[in-house]
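Hi everyone, thanks for coming. I'd like to walk you through one structure today, so let's get it up on the screen.

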Protein chains: 2
Amino acid sequence: MAVYTDVAADELADFLSWYDLGALLSYKGIAEGVENSNFLLHTSNGSFILTLYEKRVERDDLPFFLGLMTHLASHGINCPQPVANRRGQALGVLAGRPAAIITFLEGIWPRKPNAVHCAGIGEVLAKMHLAGAGFTMRRANALSVSGWRPLFDVAASRADEVQHGLSAFLSAELDYLEGGVWPRHLPQGVIHADLFPDNAFFLGDRLSGVIDFTFACDDMLAYDVAICLNAWCFEPDHSFNVTKARAFLSAYARERRLSDAEQDALPLLARGAAIRFLLTRLVDWLNVPPGALVRPKDPLEYVRKLRFHQSVASVRDYGLSDQGLVA
Amino acid sequence: MAVYTDVAADELADFLSWYDLGALLSYKGIAEGVENSNFLLHTSNGSFILTLYEKRVERDDLPFFLGLMTHLASHGINCPQPVANRRGQALGVLAGRPAAIITFLEGIWPRKPNAVHCAGIGEVLAKMHLAGAGFTMRRANALSVSGWRPLFDVAASRADEVQHGLSAFLSAELDYLEGGVWPRHLPQGVIHADLFPDNAFFLGDRLSGVIDFTFACDDMLAYDVAICLNAWCFEPDHSFNVTKARAFLSAYARERRLSDAEQDALPLLARGAAIRFLLTRLVDWLNVPPGALVRPKDPLEYVRKLRFHQSVASVRDYGLSDQGLVA
C-alpha cells in the first residue's frame, strides 16, 4: 500500500501523448501494490492503471510480466491488459522509472473470503495454468527452495526478537526442506505465485479478474496451489478452514486434474509456501524503521500456518474425500 | 496522503444499500487528503469519493463542511456535492468512523502552477467568497492569531533542532502579530483556508473544481487571499513570483474588489498565514516517528516565505501597479 513516486501533470501528459487513450481527466495515486506506485487514470476512453515500477522490481523482468498479462488476456483470463503506445511499446519511462499502462478491472477484493470465493480462485488458477502453457518467455522463481536460506541468513540473528525459538524453528524446517525432499519432477508452468485475496477481484460472488503478476515465474503448478491454500483457506484466527480448501481444490481439479504425485506433494509444497512468505515477511518486519506508518505484515501468521502443514499427514487433511479431489 | 482505515466489502455494501448509487463496481483507497481516509468508488451510476473522517477532524464540524459544499455547489461553485442517502442524510458511520459520499470531480491538481492557474484560483476564490455570503452555519477559525501561541508552546523547546534561531524568530514574530496589529474590522465571511494546489483541479488551463473544505471557517476574506499568496505565488526555490501574484490578485479583484483597508492589510495577513502553516508544519515535523514513511512537509519553506512578507512594504510589492489591483 504505497505511492512512492508522484507524477507531475505535464510529465504525465507527455507520456500519454504517445498513447491513443483520449484526454486525461484525472489521476489518483492508489493505495494498492506494495512494490510499485500505482495511479488510477480516468481518460475520455475509460479507466486505466498506470504503474511506475520501483527499485524492488527488476527492470529485466518487466517484459515477462507484461507479456504474460497480454498472453493470458488473449487466452480468456480476466486480467489487466497492457496498453501499447503508438510505437507498439507497452513499457516506457516516466518520472525516471519504468512505467506501463494497463486496462482497469472493475471488481472488489474480498476482505473476508468465503468458500464461493475460494472456488472462484481454484477455477481461475487452473485456467491460468492451462492458458500459460503456450507462453514462451521464461523467468526462474527466485523465491523457491534455494532462495530461502539467504533470507533466513539475513534474519536469523534477530528472529528470536519476534518470537522466542523462531530461529531454531526456521533452521530445522529449512534443513528438512533442503534435504532432498523438495519435488523435482512435478508438472511445471507459469505460476502467479502471489494470488492473495488482494490480487483477486469479485463482483458479488463472481470472480471478475486477477491482478499483479510481479511475482509470476516458472515453477511447479502445484506450488501455486499450495500458495493459495495458505493465502485463502485459513481464518483470521489462523485456523484452517477445510470447507474453503475443499471448495478451492475441487474447483481447481474440475479444470485441471492434479496428478497423484502432485496430490502427494501438496503438504510439503504448502510447508514450502508457508516458509517462503514467513521469511519475506520476517525480513520486512525486522527492517521496518521504528514508528513507520506502514506496518509490515505479521510473520507469525505464517508460523501458525507452517505448524499446521507440518501436522498434515496427507492431502485428505486438506478436505478431500477418499474418492479423490471432487468431494 | 494516506489511507488510515480499510473498509471491508460487506461493510461498504451495507453502507451503500442506503444510497441510490447503483451497483458498486470497485473502490480504491487513494493517496489524497492528509487528515482522512479517502476511497474512489466506481458504481454503475458513476464515480464518487467516500471519505472516512479520522480523529483529527472534529465530528461536530462535519455538518458545516458538508453543508458548505452543498451551498457552494448550489451557487455555481464547482466543488464536490455531498450525496444524501434515502433518509436524506449526507453523514453516516462506516468502519466506526463518520463517513460521507461526495461526487467525484474530474481534473488534475497542478504540480507546477503557472500564472494561468493562479488567475483561475483568484477568480474561484472571489466567487466562493461571494457565494458564501448566504451560508448560515458558523465555524470559528481555530488556526487564527489566537491559535498560534499554543502551537508555538508545543514546539518552542525543540524548534532550534530544525533551524538554529528558529524559536527566537517565531517568538518575536508572534509577539508582533499578537501586539494589536492583527486586523479586526475587515470584511468577514466563509473562507476555504487551505486552498493549496492539491485542492484545486484543472483540465488544461481551466479550473474544474475546488476540493477539501475541512479547514473552512469564518474569518476575514482577505486572509484567504493571503493564504493563496503563500500557497500559489512562490517558486520551488521559495522565491516570490510577482507575475503569478499579479495574475492571482487581478483575477480575484475582477470578481470581488479588495477594499483599501484589505489591500493595506495584505502584507500583515500574509505574515499571519505564513506563520500559521509554519507552526502546524513544525509541530508535525517534530512529532513524526523516526523513520516514518510519510514525510511531513518542510516547515522551513515557510520561514523563507515569512521573511519575504516581513520585507514587503506595501501591497504593490505583490505585483500591483500604482493604478490599483488591475495591473
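Predicted model: local features only at pLDDT ≥ 70, side-chain atom pairs only at ≥ 80, totals over all residues.

I'll talk about a sheet and then about a pair of helices.

In chain A, five strands make an open sheet, and the order across it runs β1-β2-β3-β5-β4, with antiparallel pairing. So which strands stand at the edges? Those are β1, residues 24-29, and β4, residues 92-94, both in chain A. Each has a single partner strand, so one side of each has no neighbour in the sheet. On average, neighbouring strands here are turned by 35° against each other, if you ignore direction.

Now the helices. Here I've picked α5, residues 166-181, and α8, residues 260-286, again both in chain A. Their axes are 11 Å apart, and the helices pack at an angle of about 130°. The crossing of α5(A) past α8(A) is left-handed.

And which residues meet there? From α5(A) you have E173(A), L177(A) and V181(A), and from α8(A) there's L268(A), R271(A), G272(A) and I275(A). Sort the residues of that contact and you get four nonpolar, two charged and one polar.

That's my tour, over to you for questions.

Technical notes: Residues numbered from 1 in each chain as written. Chains lettered and ligands numbered in written order. Axes fitted to C-alpha atoms, helices over the stretch in contact; angles between N-to-C directions. Helix = DSSP H or I, 4+ residues; strand = E, 2+ residues; numbered from the N terminus. Left-handed = near helix turned anticlockwise from the far one by under 90°. Contact = placed C-beta atoms within 7 Å. Nonpolar A, V, L, I, M, F, W, Y, C, P; charged D, E, K, R; others polar. Pairing = 2+ DSSP bridges.
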